[in-house]
Amino acid sequence: MMSCINTENKLRVEVFETSAKGNQLTKITEFLDSDTKVTIKLTPEQTFQTITGFGGAFTESSAYLLNKLSKKNRDTILRAYFAKEGARYSLTRTHMNSCDFSLTNYSYSPVEGDKNLEHFTIEEDRDDLIPMIKDAIAISEDGFKIFASPWTAAPWMKDNNHWVGGKLLPEYYDTWALFFSKYLDAYKAEGIDIWGFTVENEPHGNGNNWESMHFSPKEMTDFVQFHLGPKLENDGYGDKIILGYDQNRAGLKEWVDEMYRDEASSKYFDGTAIHWYESTYDYFPEALQYAHYKAPDKYLIETEGCVDSEIPKWQDDAWYWSKEATDWGWDWASEAEKYLHPKYAPVNRYARDIIGCLNNWVDGWVDWNMVLDRQGGPNWFKNWCVAPVIVDPDADEVYFTPIYYIMAHFSKYIRPEAKIIGHENSDDTLMVTAAINPDDTTTVVIFNETEVPKNINLSVNGKTVDFAIDAKAIQTVVIPKA
């Protein structure tokens, strides 16, 4: 065993670890010695993006499940996500109209032909979504941002008159822009301030499975430039954030080229939203770099990711650390793209992707559902997925999966307005990212996917400290203000 000893010429640190052996964001001071030596040097003079936040999504499914639990367990979950002693989520998402993680199909514009949206109503959100968001707001001391995403307009506004697929009819472009403004009004009346929007969840569609509405890059850009942007501006909502795209990373180039085609379009786009479903392991650094350099002053936010096509394992931490999980591409990807979708460990997928994103200009990372049941739902399409927190509402039981702790390694310790800083890392099998927080504490996150523990020598500004990371473990190292 080795100790992390602090003397005057040593760097003072606190180390928190989550591991396959059972640590759960555990503060550790005794470390296993290892023959493998790694040097990590922070270069704080080298700064990159400013962090917007980390978090997850308020969905009808999650909110519905919370309502089925005892008050004690409901509070436990919400505090685990939003309280100071919890993960301190700072950036969140919700859906406008229904999505796959809703109980049924519904729209806030239920009356066909209602071009002026005189019958606009958020009644469907009052039982579940709104109480969950309000309770989270009450718990969060620091507050958090919320952005909203539509999966589809009501069928009557679309060329196929269906919840799934199809395009928005041009005659309803102004109505659909008004929809966003009405939504802001309605949520504001509930005491909920919406930070911004993504224009459309997955504009390429989802294989015609659940709620969707298709846009080409030009169609979305035209809608934002000539309809949505001006409408929000005219209604006093010009400060609301508009994020374009909102789908997988390999398609980024054609979208950002169109979104930022000129000053007139760029002025209404505040940034780009991305998902991770293109691969279980590749985070597409070249695409992320391209998107950043196309619009270096704009947001680049991961707005959705989850382990999909799986029924979550109940109270089985080992599964989350083992390379057993498949995704949609395991069965459905084309032969040419199968290599992007091997079985992969859920923990590895989250840690690898978040660190990879942070090291390639992404400033926010938002998980999908916060809470699901043992089936991976409820979901009207039966599109089962995994969430960080799984519940059994009938037995009133809660399971915090290892994914919850992975998210907290980032959200709890890398705060909004933190700056990502440079680092040098001597071991290619170890993933590292680092940030300086607004309070001048420094956070380093280290992920060891390998089966071998590693000794770490961490240095910054001439001070060093020695400690170790276990095999199959993630650590957050907090360096207090100098």
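Buried residues, defined by a relative accessible area under 20% (1.4 Å probe, protein chains only), make up 61% of the 482 residues in the protein. The model is a predicted one, in which local features need pLDDT of at least 70 and side-chain atom pairs count only at pLDDT 80 or more, while totals for chains, interfaces and linings use all residues. Residues are numbered from 1 along each chain as its sequence is written, and side-chain values use heavy atoms, with hydrogens and water left out.

The protein has 12 helices and 22 strands, assigned as DSSP runs (H or I of at least four residues for helices, E of at least two for strands) and numbered from the N terminus. Among contacts, that is, heavy atoms within 4.5 Å, between residues at least 6 apart in sequence, 74% join residues at least 24 apart. Along the principal axes, the C-alpha atoms fill a box of roughly 70 × 55 × 50 Å.

Helix 5 (residues 217–234) packs against helix 6 (residues 252–259) at an angle of about 35 degrees, and their axes are 9 Å apart; these axes are lines fitted to C-alpha atoms over the stretch in contact, with angles running from 0 to 180 degrees between N-to-C directions. Pro217, Lys218, Met220 and Thr221 of helix 5 make this contact with Glu254, Trp255, Glu258 and Met259 of helix 6.

Phe269, situated in the loop between helix 7 (263–266) and strand 11 (271–275), is buried, with a relative accessible area of 0%. When residues up to four places away in sequence are not counted, the residues that Phe269 touches include Met220, Thr221 and Met259, which also take part in the contact of helix 5 with helix 6.

Note on methods: Buried < 20%, exposed > 50% of the residue type's maximum accessible area, 1.4 Å probe, protein only.
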